[in-house]
Structure formats: C-alpha cells, structure tokens
Amino acid sequence: MLIFSYEREKILLNINYIDEASQIFKILSNEIRLKMLVSLEDKAISVNELSALLNVEQSSVSHQLSILKKHQLVDSTRIGKSIYYQLDDPHILDIVNEAVQHSSHVVRGKKHGE
C-alpha cells in the first residue's frame, strides 16, 4: 500500500508540474512578455526604461511584469523610488531562444538543418 501511495503522490506532483509548464507556455505566447525577458537578459531595467525601450505604456509594462514575477521568471529590486527588474530564472531564455531559432526556419521556409 505504501508503494501505491508514493506512486500516486508522484503522479500528482508531475501533473502539477505539467500544469505550471502549461502556464509558462501561455505566458511566453505574449510578444511583449517575450521582448521583456529578452531585454532583461543582461541587466536589470526599470519599468520606465522598459516602457521606453518597448514603446509600451508603463501601466501595461507593470502588469506584464507582475505576471512574469508571479511565475518566478523575473524578480525586482527597489533602488530609491525606482523598481528594477531582472531575470529570476535565466534558463527561461533557453526556451525563448529555441523558439526563436525554430521560427527562423519557418520564416525562411527552410527545414531544420537547411
């Protein structure tokens, strides 16, 4: 009976991981959020700077950052009156870069390896 309980717990845990992974893909399906993550690759950036860089209203940038933060993709640090955001999990860019690499094949009309 102990083995069954352990296996059931393991399955439920994996389902939770799959659910969160699904949420991450939904988050990454937004072009602005993708641009934010790529922009944060090398340095922390304030909301105002991100707003100017992406040509998006500050309120929209703040909203998108809160979604990214909720799923531990970005973190923030307050310096004076400004809040700076940086990647909380840099390996998320592996997923983003793989998707961009794949899209380059599609856009060029080439199969992988061509």
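**Figure 1. Gln72 in the loop between α4 and β2****.** Gln72 counts as exposed because its relative accessibility is 56% (buried means under 20% relative accessible area, exposed over 50%, partly exposed in between, with a 1.4 Å probe and protein chains only). The model is predicted: local features need pLDDT of at least 70, side-chain atom pairs count only at pLDDT 80 or more, and totals for chains, interfaces and linings use all residues. Residues are numbered from 1 along each chain as its sequence is written, and side-chain values use heavy atoms, with hydrogens and water left out. The phi angle of Gln72 is positive, near 60°, in a residue other than glycine. Helices (H or I, at least four residues) and strands (E, at least two) are DSSP runs, numbered from the N terminus.

**Figure 2. Asn55 in the loop between α3 (47-54) and α4 (58-70)****.** Asn55 has a phi near 55°, a positive value in a residue other than glycine. With 72% relative accessibility, Asn55 counts as exposed.

Figure 3. Ser51 counts as buried, since its relative accessibility is 13%. For the backbone nitrogen of Gln58, the distance to a polar atom of the Ser51 side chain is 3.4 Å. A polar contact is a pair of N or O atoms within 3.5 Å; within protein, one must be able to donate a hydrogen and the other to accept it, and residues adjacent in sequence count only if both atoms are side-chain atoms.

Figure 4. The buried residues of α2 are Arg33, Met36, Leu37 and Ser39. An α-helix has 3.6 residues a turn, so residues three or four places apart point the same way.

**Figure 5. The open sheet of three strands****.** The strands follow the order β1-β3-β2, and the pairing is antiparallel. Strands β1 (45-46) and β2 are the edge strands, each pairing on one side only. Two strands pair if DSSP finds at least two bridges between them. Two bridges join β1 to β3 (residues 82-87), and Ser46 has Tyr84 in β3 as its bridge partner. Six bridges connect β2 and β3, where Ser76 stands opposite Tyr85 in β3. The hairpin of β2 and β3 has two residues between the strands, and Gly80 takes a positive phi near 65° there.

**Figure 6. The largest pocket and its lining****.** The largest pocket holds about 160 Å³ of space. A pocket is an open set of points on a 1 Å grid over the protein atoms alone, where a 1.4 Å probe fits, with protein on both sides within 12 Å along at least five of seven lines; lining residues have an atom within 4 Å of a point. Its volume is the space filled by probe spheres set on the points. The lining consists of Phe25, Leu28, Ser29, Leu34, Lys35, Val38, Ile95, Val96, Ala99 and Val100. Two or more residues come from each of α1 (2-28), α2 (31-39) and α5 (92-108). Helix α5 gives the largest share, four residues.
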